[in-house]
Amino acid sequence: MLSLYNTLSKSKEEFKPLNPGKVGMYTCGPTVYSYLHIGNIRAYLLSDTIRRYLEYIGYEVRLIKNITDVGHLTDDDVAQGDSGEDKMIRAAEREKKTPEEIARFYEEYFKQTEKELNIITAHFFPRATAHVPQMIKIIEGLFEKGYAYEKNGNVFFDVTKFEDYGKLSGNTLENLKVGARIEEHPDKKNPWDFALWIKAPKEHAMKWESPWSIGYPGWHIECSAMSTEYLGNTIDIHTGGEDNIFPHQEAEIAQTECYTGQKFVNFWVHTRHLLIDGKKMSKSKGNLFTLEDIKEKGFSAMDLRLLFLSSHYRSQTNFSWDSLEQAHKNIQRINDFILNLEAIASREIESTENFNISLYQEKFDAAMDDDLNTPLALSVIYEIITEGNKNIADGALSSEDAKKISARWKKMNSVFGFILSGQAEIPQEIKDLMHKREQARKNKDFGASDEIRALIEKHGFVVEDTANGPIIKPAS
Ligand code: AMP
Ligand code: ZN
C-alpha cells in the first residue's frame with residue numbers, strides 16, 4: 001500500500017486515487033528563461049519517480065507539466081506576483097532575442113535534458129502563453145463570486161475572502177501579519193493579495209487584451225488554468241520543489257478552489273532543495289551546475305540520476321563531486337552485475353542453490369511504498385548484487401536464477417529508470433573477438449588468447465574471467 005507525505009496534512013497518507021486505477025498528476029514546470037540546472041532536475045525526478053512507481057503498481061497515470069513562458073516576475077518568489085520584471089523579457093533583452101525565441105530555445109533544452117535523464121515525457125507540456133483565454137475566464141469567474149477586484153487595470157485576488165488561505169504553507173493571514181511586511185502595490189487592498197492580471201506598460205513585449213486592461217497574467221493563475229483544463233477540477237497529485245509552496249501554490253489553491261467550489265488537489269508532494277555549499281542552487285543566485293557541467297567532468301546523466309535517488313526526496317541534499325563519484329561507481333557496479341547475469345543466463349549452468357529474488361522484490365516494494373524511499377530501495381539492489389556476486393564467484397548461480405533475477409531487475413529498474421550500457425552495446429566485432437579468444441583458450445593457446453585480449457582492450461573493452469566463463473564489458 002503506497003503512502004505519500006502530503007504537504008497539506010503534513011503527514012504520510014495512504015494513496016487513493018479519485019478514480020479507480022487512474023491518476024491525474026500535475027507538475028509545476030520550468031520557467032523557460034535560462035538553462036535548467038541540476039536542482040530543477042531533482043524536482044522533475046521526483047515527479048518522474050512518483051509516476052514510474054504508480055505505473056509499476058498498476059496505475060494509469062496522466063501527467064501534465066506546464067511551460068511557464070509569461071508572467072513569472074523576478075521578485076515573484078518573495079512577493080505576490082506584482083513586482084519585478086518579467087523573467088522572459090529580461091532574458092530577451094539580455095540575449096537580444098524575442099521572448100518567444102527565448103522560450104522555445106530553453107523549452108527545447110529542458111526537454112532534451114529530461115530525455116537524457118530518462119525522465120518519461122509528460123503527456124502534455126501546455127504553455128502559459130497559449131492559455132491566456134482560459135486564465136481570463138477564471139479571473140472573470142472570481143469577479144462574479146466576489147474574490148477579485150480591479151484598480152487601474154490591475155486585478156488582484158482578495159485573500160481575506162478565502163478562509164483557507166495558508167493551509168498548504170502555514171502562511172495564514174494571521175501568521176503573515178506578524179512576519180515581515182512586503183512592499184505594497186499601490187492598487188492593492190491588502191499586501192498579501194496577489195496579482196491575477198497586470199496592466200502592461202506601452203512598451204511591454206508580451207501583452208493581451210482583457211476586460212480590465214491590455215496586460216498579462218500573474219504567474220500563479222496559469223497553473224490553475226492548465227490544471228483544470230487538462231485534468232479537471234480536482235486532481236490526485238500536484239508536485240513541485242519546496243519553493244513552489246509559497247506564494248505560488250498557496251495562490252493556486254485559493255484561486256482554483258474559489259473558482260470551482262471544489263477541492264483542488266488531494267496530494268501535494270514536494271522535493272526539498274538541492275543545495276550547494278549549504279545554499280539553495282538557483283538560477284537567480286547563479287550558484288548552479290547544468291547537465292553539461294556534469295558531463296564535462298566525465299560523469300553521465302545516469303550518474304546524476306543515481307545520485308539523486310540515493311537520497312530521500314524529502315531531505316535537503318548538498319551537491320558534491322565526491323558523492324557524484326560514488327554514484328558513478330555504483331552505476332558501474334549495477335551495470336557489471338547485469339552483464340554478469342546476462343552472460344550466465346545465456347549459458348547452461350545448473351546449481352543446487354536457490355536465489356530467492358522474490359524476497360528482495362518484496363523489500364523493494366516495501367521501501368517504495370513507504371513514501372518512495374528510494375535510498376532504501378537502492379540498498380536492496382546492492383544486497384542482491386553482493387549476494388549474487390558471491391554465488392557467481394562460487395559458480396553457484398544457475399542460468400535459470402540469473403534469468404529470474406534479470407527479469408525482476410528490469411521490473412524494479414522501470415522505477416529507477418537507469419539506462420545501462422549493457423551487453424547490447426557491445427559491437428559484433430568485439431563479440432567475435434571474444435569468441436575467438438574462447439576458442440584459443442580451449443585449445444590452450446594462451447599466447448593467442450592474450451593477444452586477442454589486448455586487442456579487445458585497445459577497442460575500449462575489458463574481459464573478466466569468472467568461474468562460469470569470461471564476461472566482456474566497456475572499460476570505465
Ligand atoms: P523554475 O524554473 O525556477 O520555476 O523552477 C523549476 C522547478 O525547479 C520548480 O519546481 C522549483 O521548485 C524547482 N527547483 C528550483 N531550484 C531547486 C533546487 N535547488 N532544488 C530542488 N528543486 C528546485
Ligand atoms: Zn505551478
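This is a predicted model: local features need pLDDT of at least 70, side-chain atom pairs count only at pLDDT 80 or more; totals for chains, interfaces and linings use all residues.

Reader: Okay, how many helices and strands does the protein have?

Author: There are 15 helices and 15 strands. If you put a box around the C-alpha atoms along the principal axes, it comes to roughly 90 × 50 × 35 Å.

Reader: And what share of the 476 residues is buried?

Author: Buried residues make up 55% of them. Here's another overall number: take the contacts with a separation of 6 or more, and 75% of those are between residues 24 or more positions apart.

Reader: Is the crossing of helix 11 and helix 12 right-handed or left-handed?

Author: Right-handed.

Reader: Which residues in helix 11 meet helix 12?

Author: On the helix 11 side you've got Ile357, Tyr360, Lys363, Phe364, Ala367 and Met368. They meet Thr374, Leu376, Ala377, Val380, Glu383, Ile384 and Glu387 in helix 12. Sorted by class, this contact has nine nonpolar, one polar and three charged residues.

Reader: Switching topic: how many salt bridges are there?

Author: The count comes to 26 salt bridges. The general idea is that side chains of opposite charge can pair when their charged atoms come close.

Reader: Give me one that links separate parts. Where do Asp465 and Arg437 lie?

Author: Their side chains meet in a salt bridge, 3.0 Å from N to O. Asp465 lies in strand 14 (residues 461–466) and Arg437 in helix 14 (residues 428–442), so the pair ties together parts that are 28 residues apart in sequence.

Reader: Is Arg437 buried or exposed?

Author: Arg437 counts as buried, at 1% relative accessibility.

Reader: What about Asp158, which residue does it form a salt bridge with?

Author: Lys161, with the closest N and O atoms 3.5 Å apart. Asp158 is buried, having a relative accessible area of 5%, whereas Lys161 is partly exposed at 45%.

Reader: And Lys97, what's its salt bridge partner?

Author: That would be Glu95, and the closest N and O atoms are 3.5 Å apart. Lys97 is partly exposed, with a relative accessible area of 34%, and Glu95 also counts as partly exposed, at 24%.

Reader: Which residues are linked in a network of salt bridges?

Author: Asp69, Glu100, Arg104, Glu107, Lys111 and Arg127 are linked that way.

Reader: Last one, I clicked on Arg62. Which strand is it in?

Author: Arg62 sits in strand 4, residues 60–65. With a relative accessible area of 37%, Arg62 is partly exposed.

Reader: What does Arg62 touch?

Author: Leaving out residues up to four places away in sequence, Arg62 touches Val23, Gly24, Met25, His123, Tyr230 and Leu231.

Note on methods:
Residues are numbered from 1 along each chain as its sequence is written. Chains are lettered from A and ligands numbered from 1 in the order in which they are written. Side-chain values use heavy atoms; hydrogens and water are left out. A crossing is left-handed if the near helix is turned anticlockwise from the far one by less than a right angle, and right-handed if clockwise. Helices (H or I, at least four residues) and strands (E, at least two) are DSSP runs, numbered from the N terminus. Contact means heavy atoms within 4.5 Å. Ala, Val, Leu, Ile, Met, Phe, Trp, Tyr, Cys and Pro count as nonpolar, Asp, Glu, Lys and Arg as charged, and the others, Gly among them, as polar. A salt bridge is a side-chain nitrogen of Lys or Arg within 4 Å of a carboxyl oxygen of Asp or Glu. Buried means under 20% relative accessible area, exposed over 50%, partly exposed in between (1.4 Å probe, protein chains only).
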